[in-house]
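Hello,

Here is the structure I said I would pass on. Please keep it open while you read the notes below it.

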Amino acid sequence: MSNKPDFVSIGDVSKHFGSVRAVDGVSLDIAQGEFFALLGPSGCGKTTLLRILGGFEAPNSGNVHIDGADMTLQPPNRRPVNMVFQNYAIFPHLNVRENIGYGLRKEGLSKQQIAERVDEALATVKLEGLGGRGATEVSGGQRQRVALARALVKHPKVLLLDEPLSALDKNLREQMRVELRALQQQVGITFIFVTHDQEEALSMADRIAVMFDGKVRQVDTPEHLYETPRSKDVAAFIGSMNFIDATVEGADGDALIVDAGPVGRIRAGLPADGAPAAGTTVIVGIRPEKLILADSPPGEGANSIRARLTAASYLGERSHYFLQVDGLAEPLSIARQNTQAQLLHEADAGSELWLTWSPASGIVLPAAG
Ligand SMILES: Nc1ncnc2c1ncn2[C@@H]1O[C@H](COP(=O)(O)OP(=O)(O)O)[C@@H](O)[C@H]1O
Ligand SMILES: [Mg+2]
């Protein structure tokens, strides 16, 4: 990451609408050149926080600094920021070039300067040759690029993007993830990207802030967020996870020994901040793809439990299985790539199998939230 780790600095920002705490005490530092995602379910305050950064909404308390300057009370046009809105409204009566150059005309640049900047922006979003097209004569994906070019043409220090891919169909959305990431690397502008789509955030962002109910619950790289979530809420939101209630017995090397009731005594990963005291109630979280099906019990060191297949669903490149362990309230969910392993089917329901997993696959989470 670059030399300014607090290029965008959000200090204890809150915004209330009546009794709704849309943004509730958020503090974040975003680095220069970073691709940063705000991820959370609908209504968690992502758009409100982005609008506060853009100057379209004033916070009730807290402050916003960009590149060292206090922006808290500055209007949008005084901020080195541009925003791509969720419904990127482009002007239907203007052609592509005119749409992109629109904001520059108001800046009093010469025709020549505007033409050069528009050409540069068209090239950046790979729309060369389409400048003369009417805004309604381009596809959804191209319209999305026009909106991006219109924001980039003003050379902002920070680009704010509010669910910019949500209007596109699935294939185009996945293709645009790759392109948008490449474009951000190329222009080197700090991107703050809002989405409710976990995969979108994981595939594009350098770091992700997960928000619930106006609060930031965890900020991490995609890999850390998925591999070491710090709460049950975050773990369940980023992908899916099996949760098993357990009581800490003690540490053994780099494993934590817990009593997991019906699952028995198992070994889990030792939390980074050390072993919780013996007797502490915890939750052990295990991702579905880290549970392995076996015909016989595993060797020393791994965890294992006998379980009964209750359901199987075939999803093409992978299958999902559900296995019930006697005494557990819910079956465990297992995901397996359909490579060489023999498939299990609905007709196999009732068969008894071994489930095994490595200690490090068990993530120790606090019992509450
Ligand atoms: N202008 C507004 N007036 C009243 N309530 C609002 C306004 N804008 C947002 N809210 C409320 O604030 C909360 C957060 O909204 P929003 O920031 O749009 O969430 P997100 O973008 O994560 O879906 C929601 O409960 C929403 O209804
Ligand atoms: Mg929103």
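The notes below go from the whole protein to the ligand, then to the helices and a few single residues.

This is a predicted model, in which local features need pLDDT of at least 70 and side-chain atom pairs count only at pLDDT 80 or more, while totals for chains, interfaces and linings use all residues. Residues are numbered from 1 along each chain as its sequence is written, chains are lettered from A and ligands numbered from 1 in the order in which they are written, and side-chain values use heavy atoms, with hydrogens and water left out.

Overall

The protein has eight helices and 20 strands; these are DSSP runs numbered from the N terminus, with helices being H or I of at least four residues and strands being E of at least two. Its C-alpha atoms fill a box of roughly 75 × 45 × 40 Å along the principal axes. Of the 369 residues, 47% are buried (under 20% relative accessible area; exposed is over 50%, partly exposed is in between, with a 1.4 Å probe and protein chains only). The protein exposes about 17,400 Å², and carbon and sulfur atoms supply 49% of that (Shrake-Rupley method, 1.4 Å probe; for residues, only the protein chains shown count as cover). Among contacts (heavy atoms within 4.5 Å) between residues at least 6 apart in sequence, 65% join residues at least 24 apart.

Ligand 1

The shell around ligand 1 consists of F17, V20, A22, P41, S42, G43, C44, G45, K46, T47 and T48, where a residue belongs if one of its heavy atoms lies within 4 Å. By class there are five nonpolar, five polar and one charged residues (Ala, Val, Leu, Ile, Met, Phe, Trp, Tyr, Cys and Pro count as nonpolar, Asp, Glu, Lys and Arg as charged, and the others, Gly among them, as polar). Strand 2 (20-30) and helix 1 (46-54) each supply at least two shell residues; helix 1 gives the largest share, three residues.

- K46: 2.8 Å
- T47: 2.8 Å
- T48: 2.5 Å

Taken alone, ligand 1 exposes 560 Å², of which the protein buries 57%.

Helices 2 and 4

In helix 2, the buried residues are V96, N99, I100, G101, G103 and L104, and their cover includes helix 3 and helix 4. N95 caps the N-terminal end of helix 2, with a side-chain oxygen 3.1 Å from the backbone nitrogen of R97.

Helix 4 (residues 140-152) has 13 residues and should span 18 Å at 1.5 Å a residue; its end C-alpha atoms are 19 Å apart, which agrees. The expected span is 1.5 Å times one less than the number of residues. Among the buried residues of helix 4 are G141, Q144, R145 and L148. The buried residues of this helix pack against strand 6 (81-84), helix 2 (96-105), helix 3 (111-124), strand 7 (158-162) and helix 5 (170-187).

Single residues

Which phi values are positive in residues other than glycine? K126 has a phi near 60°, and D213 has one of about 45°. K126 sits in the loop between helix 3 and helix 4 and is exposed, at 56% relative accessible area. D213 is in the loop between strand 9 (207-212) and strand 10 (215-220) and is exposed at 64%.

Regards

Notes: A polar contact is a pair of N or O atoms within 3.5 Å; within protein, one must be able to donate a hydrogen and the other to accept it, and residues adjacent in sequence count only if both atoms are side-chain atoms.
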